[in-house]
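Here is my note on this model, written as numbered points. Keep the sequence and the 3D view open while you read.

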Amino acid sequence: MAPRVIALLLLAGALLPVANLLPGGENDPDYWPRLLDWLRGLGLCVGVGVLAVYLVVARRRKTGAVAPAAAADAPTAIGGAMSDHRFLTLLLLGAFALYVVIALAVFSGRPLLIDEVVQVLQARWYTEGHLWLPTPPDREFFSIMHLVDVGDRVFSQFPAGGPAMLAVGSLVGAEWLVGPVAGTLSVLLFWMLLDALEPDATPRWRRGATALFAITPFAAFMFGSHMNHVTTLLWLLVAAVALGRAVQSDAASPWWGLLVGAGLGIAASIRPMDGAAFALPAGLWLLWRARVGGRPLAALLLSGVGIALPIAALLYVNSQTTGRPLLFGYDQLWGAGHSIGFHASPWGPIHTPLRGLELLSLYFTRLSSHLFELPFPSVLLVAAGLWTAPRLTRMDRYLFASAALLLVGYWAYWHDGEYLGPRFLVPLLPLLVLWTARFPRALATRIGTASLGWTAWRAAMATGVIVALVELAVVRVPSYRNGLTSMRLDIERESARAGVRDALVLVKESWGARLVVRMWALGVPRSETEILYRKTDACRLDLAITWLERASIRGADATARLLPLLADSGYVIRSVRSPDSSEGFLPGFLYSAECDAQIESDWRGFSHLAPFRLAQDGNVYARWLPGREAEIAAQFPGRPMYRLVRAGYGVEAPLVWERLTFAAER
């Protein structure tokens, strides 16, 4: 009964326009076009399946052949007589090669999302022996999103575990390798996890399920990235495999408990909520088993030791950065609104239970597209596996309990985690692939592999896979490869080509980006800065900031004088005048000549400072703040100074390195 209830909930969340039906504040404008695409894709696959059956029946009639008897569901293993060891070795090598190709050819081997950039920066500081760096004077020249510099120390807002994983790559000068290596190890651990989940499975099914996990598009793209969801999944799988061994019998080695705790503790040091969601059911299970004493009790105690060590390290890093063991960087930077719960979020929207339901629905809707990239909702296969399930194993129940806690956590979390798909659902990948792989076996058991129904299924799925491959090649890969282009710059090559070495380089960012940084410099909290920037006309904001700067008004007073600008927030839209559409625009507001000049300047081109913070070419990169060149130059005496601009607006516009002198026109 439980699997079918889960299947119905999954289908409802993924297929119904929940975000459009509930008054929670989110919206799904692409629902109807996406639904029509899915119906067409499903119709195509079903149609091909029916055609395959027709052709088989027609051939039998023509030849007078009799339909073969239903065959038992025990076909030879993939690879024929190939041993499991050889198959697994080849699969792991192939998976690693796939993830490396994605990392280099699709993501250019570089951190693209600001989350990745900041964690790579922190990873490099770790390898240099620093948990933090002193905050520089005039921090606004160097500040970037998600970098905590509100006190006297600079560090990443993210928990220490994620950058620590990337630091392994920093040691060899290749942070991009961490994702492919973690992904490959995850494939190996999924293979091992099947021992506990499917101890009686045939070699063919086990190999097929593991191969499916390895090539699942959602997983493969994530494994090619720098995102900390990848290493979190790795350590959650370590814990799950160890847990499966620890609960196998009362005679199991208690040292498996140590590995359970270590895996969960390290996962929690990377993404605390993910680790906690999987740790609580595991701890309760081990506690229940410990009632008999002996080795189960020892396993529980060792699991406590295993989880305590990485958590202690995490709390120590917090104490050295934020000053309090239980205060994380993102809470210090964004305030109490960043935490889990139903309240005003740091970026403005009020997070309510209804909005949480809408976000969960959006996550599963996106999962339906990103999981396997099929022309119909991927969750249909997961739900079909659940619907046909005869029973749940103990490990199934553990994974479902952990998944439920994870979803409850993200239901109460305000941020929409969309990047390369619904990234908050990455820990559910083993569960999703497992139930997808279980459905064909259940279907074969019910109808037989020699039946016409099995013929229709195979033809329909072959069609879906072909369409998915075409979709990946024509749409998904190009969209990923061509996205976030400004973050892919080969800065070292560009500076070498320009002959710029040991220089101070001032990077010209957009008008909107400078408005944000100027508010930071005034002491406006990050959350209020985000709300003001998103909900206020850029020109009105510029005029107000300029007045505050000239009047030397800062801190709480500056914030109090800016907040009234939000009175017109309901009328502010995304800018239709500026190339930076993130800027606010109030229709009907008359722009000053200075504001028009800023927009005109942006149309001539701008860059982003964040990727330059990772440059390793001997130059110092800072933000260009017009009129303040002398201030930053005084901090780096003896270095030639350049302003870095783009020769035109557009992703392919070349960089121009303009030599600056104090007498030059700025």
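1. Start with one residue. E494 lies in helix α20. Helices (H or I, at least four residues) and strands (E, at least two) are DSSP runs, numbered from the N terminus. E494 has a relative accessible area of 15%, so it is buried. Buried means under 20% relative accessible area, exposed over 50%, and partly exposed in between, with a 1.4 Å probe and protein chains only. Leaving out residues up to four places away in sequence, E494 touches L655 and W657. Contact means heavy atoms within 4.5 Å.

2. A word on the source. The model is predicted: local features need pLDDT of at least 70, side-chain atom pairs count only at pLDDT 80 or more, and totals for chains, interfaces and linings use all residues. Residues are numbered from 1 along each chain as its sequence is written, and side-chain values use heavy atoms, with hydrogens and water left out.

3. Now the four-stranded sheet. This open sheet has the order β7-β4-β8-β9, and its pairing is mixed. β7 (620-623) and β9 are the edge strands; each has a single partner strand, so one side of each has no neighbour in the sheet. On average, neighbouring strands here are turned by 30° against each other, direction ignored. Helix α20 (residues 491-498) packs on this sheet and touches β7 and β9. The direction of α20 makes about 55° with that of β9. Axes are lines fitted to C-alpha atoms, for helices over the stretch in contact, and angles run from 0 to 180 degrees between N-to-C directions.

4. Check the pairing strand by strand. Two strands pair if DSSP finds at least two bridges between them. β4 and β7 run parallel and are joined by four bridges. V507 is opposite R623 in β7. β4 (residues 504-507) also runs parallel to β8, again with four bridges. There, V505 has Y642 of β8 as its bridge partner. β8 and β9 (residues 655-660) are antiparallel, with six bridges. R643 is partnered by E658 in β9.

5. Is strand β8 mainly covered or open? β8 (residues 641-646) is mostly covered, with six of its six residues buried. M641, R643 and V645 point one way, while Y642, L644 and R646 point the other way. Residues on both sides are buried.

6. There is also a three-stranded sheet. It is open, antiparallel, and ordered β1-β3-β2. β1 (133-134) and β2 (147-148) are its edge strands, each pairing on one side only. Two bridges link β1 to β3 (residues 153-156) in the antiparallel sense. L133 faces V154 in β3. Helix α5 (residues 114-127) packs on this sheet, touching β1, β2 and β3. The direction of α5 makes about 120° with that of β3.

7. Look along helix α12 (residues 272-289). Its 18 residues should span 26 Å at 1.5 Å a residue, and its end C-alpha atoms are 25 Å apart, which agrees. The expected span is 1.5 Å times one less than the number of residues. α12 bends by about 25° at A279, and a proline, P281, follows within four residues. The bend is the angle between axes fitted to the seven residues ending there and the seven starting there. Buried residues of α12 include F278, W285 and L286. Among the elements covering the buried residues are α10 (228-246) and α13 (294-321).

8. Helix α23 (residues 538-551) comes next. Its 14 residues reach 20 Å from first C-alpha to last, close to the 20 Å expected. At its start, a side-chain oxygen of D537 comes to within 2.9 Å of the backbone nitrogen of C539. Just after α23, S552 has a positive phi of about 55°. Buried residues in α23 include L541, I545 and L548. The buried residues of α23 pack against elements including α21 (511-521) and β6 (584-585).

9. Finish with S369. Where is S369 placed? S369 sits in helix α15 (residues 353-370). S369 counts as buried, at 19% relative accessibility. S369 touches R34, W38 and R476, not counting residues up to four places away in sequence.

Methods: Polar contact = N/O pair within 3.5 Å; in protein donor to acceptor, adjacent residues only side chain to side chain.
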